[in-house]
Amino acid sequence: MKTLRIGSGAGYSGDRIEPAIELAQHGDLDYLVFECLAERTIALAQQARLLDPQAGFDPLLGERMRRVLPFVGRGAGARRLRVITNMGAANPLGAAREVRHIARQLGLPALKVIAVTGDDVLATVLGDPEQTLDNGQTLASLGERLVSANAYLGVDGIIEALQADADVVITGRVADPSLFLAPQMFEFGWAADDWTRLGRGTLVGHLLECAGQLSGGYFADPGFKDVPDLARLGFPLAEVDATGRAVISKVAGSGGRIDPATCTEQLIYEVHDPAAYLTPDVSADFSGVSFTVPGPDQVEVHGADGQARPVALKVSVGYLDGWIGEGQISYGGPGALARGRLAREVVLERLKLTGVAYEEIRAELIGVDALHGCELGSRAGGEPWEVRLRVAARCTDRAEAVRIGNEVETLYTNGPYGGGGASKSVRQVVAVASLLLPRDAVSVKIHSEDLQ
C-alpha cells in the first residue's frame with residue numbers, strides 16, 4: 001500500500017532551522033511543512049506590511065528556503081520532496097516572489113512556487129461594521145485601530161496548488177492541521193466529505209503542527225520526564241497510508257523522544273472538546289484515539305474520526321490596543337528581597353504622585369511572586385540573594401507608557417542601594433479577537449504565472 005511521509009519543519013515563526021534541514025536531508029520525505037503562524041503573528045505581519053508593502057511575510061522565510069530548496073523537487077531522491085508553509089503570513093504573493101528569487105540564485109529556476117490567497121477578509125468584514133467580536137466589541141468600535149482580519153482557510157487552495165504541480169506552496173492564514181491534511185487528501189484522493197479519513201488526517205496534522213513539542217520539547221521535566229539530547233532535538237514526521245493509519249517517528253539518531261506520553265500531551269494541546277475539534281475541513285473527533293508502540297521512537301495512532309465541517313469560518317481580527325511601558329532593575333546579595341520590595345513600593349507610589357494614567361499594571365519580583373503571586377510565592381523556603389523588579393503597565397497613550405520605564409530607571413539614584421541592570425521599553429499592543437464568517441464570503445485563489 002502506498003504511504004506518504006510528511007515532516008514538520010517548524011512549530012512557530014522563530015523555530016530552529018537545523019531540525020528541518022535534517023528532515024529534508026535524511027527523512028525520506030514527500031512533504032516538509034513549516035507551520036509558522038500564531039493569531040498575533042499575522043496581525044503583526046499585517047502591521048509590518050502597512051509600513052512596507054513588500055514586507056509582511058515571515059522574517060525567516062529567506063533563510064529557511066535557502067537551506068531547504070536544494071532538497072526540493074524531482075531530483076531529491078526516491079521520493080519527490082515538496083514544501084508547504086504558511087510563512088506567507090500577510091503577504092503570500094511577496095513571499096512566493098522571494099522564494100522564486102532564491103531558487104534562481106541557487107540555480108533552481110525550474111522549481112514551481114505557488115501562492116494561495118483569500119484569507120485576508122478585512123474589506124469583507126468592514127462591509128458589516130456592527131459585527132460583534134467574541135470579546136463583546138463591535139468592529140465599528142475599533143475604528144482606525146483595526147489592523148487585520150484573516151479567515152482560517154482549509155485545504156482547498158493547497159490542494160489546487162498541488163494539482164498544479166507546485167514544488168513549494170506558500171499560504172497566509174490556514175488552519176494548522178490543514179497544512180498537513182491537504183497533501184494526504186491530494187495524494188490519496190480522499191473526498192471532501194469523507195469525514196472519517198479527514199478526521200484521521202487532521203489528527204496527524206494536529207500531532208505534527210507544533211514540531212518539537214511532539215518529540216520532547218515543552219515536555220522535558222528532569223527526573224520526571226527525561227528527554228535525551230534535548231539540544232539536538234529532532235522534529236517529528238508521520239508515515240501515513242490511504243486509510244489514515246499513521247506512524248509517528250523522527251530521524252534516527254536525532255535527539256528527543258517520541259512515545260505515547262509525548263503524543264498524549266500534544267494530542268490534548270489547545271483542544272477544548274476532544275469529540276469536536278473544529279477545523280475548516282472537518283469536525284474531528286479525537287475522543288477515541290489511542291497509541292501503540294511498533295518500535296523505538298515510533299508511535300502508531302488509532303481511533304480518530306470526524307463529522308461534517310462547521311458551516312462558517314473563524315476569522316482572527318487584529319487591532320491596536322494601547323501601549324505597554326515596562327521597566328526592570330535587579331537587586332543582589334543579603335537583603336535583596338527587602339530592597340526589591342521597597343523599590344516596588346516606591347515605583348507604585350511615584351506613579352500615583354505623578355499622575356501616570358494606565359489601564360492595568362503589574363509590579364512583580366521575578367523569581368519570587370511573578371508567576372504564583374505573593375501567597376504561593378511566600379511558601380518557598382529560604383531568602384533569594386537576587387531578585388529582579390519588573391513593572392509593566394498598559395496605557396492608552398504612548399507618552400504615559402514611556403513614564404513607567406522612566407520611573408523604574410530613576411531607582412538607580414533614588415531608590416534602595418545596589419540596584420543594577422536597569423532596562424526600559426515601550427511597545428504597542430496588538431490584540432486579537434475572533435468572529436465567524438460564512439464560507440461563501442471567502443474566495444480562495446492560487447497564483448503562479450503572475451509571479452514571474
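A disulfide is taken here to be a pair of cysteine sulfur atoms within 2.5 Å, and in this predicted model that rule gives a count of zero disulfides. C36, for example, takes part in no disulfide, since the nearest cysteine sulfur, which belongs to C210, lies 11 Å away. For C263 the closest cysteine sulfur is likewise found in C210, and because the separation is 13 Å, the two are too far apart for a bond. With a cut-off for burial of under 20% relative accessible area, C36 counts as buried because its relative accessibility is 1%, and C263 also counts as buried because its value is 0%.

Ten strands form an open sheet with mixed pairing, in the order 11-12-8-7-1-2-3-6-4-18. At its edges are strand 11 (290-295) and strand 18 (445-447), each of which pairs on one side only, while the twist from one strand to the next averages 25°.

Within this order, strand 7 (residues 236-241) and strand 8 (residues 246-250) run antiparallel and are joined by five bridges; among the residues involved, E239 has V247 in strand 8 as its bridge partner. Helix 9 (residues 195-208) packs on the sheet, where it touches strand 1 (3-10), strand 7, strand 8, strand 11 and strand 12 (298-302). The direction of helix 9 makes an angle of about 170° with that of strand 7.

Note on methods:
Residues numbered from 1 in each chain as written. Predicted model: local features only at pLDDT ≥ 70, side-chain atom pairs only at ≥ 80, totals over all residues. Heavy atoms only, no water. Pairing = 2+ DSSP bridges. Helix = DSSP H or I, 4+ residues; strand = E, 2+ residues; numbered from the N terminus. Axes fitted to C-alpha atoms, helices over the stretch in contact; angles between N-to-C directions. Contact = heavy atoms within 4.5 Å. Buried < 20%, exposed > 50% of the residue type's maximum accessible area, 1.4 Å probe, protein only.
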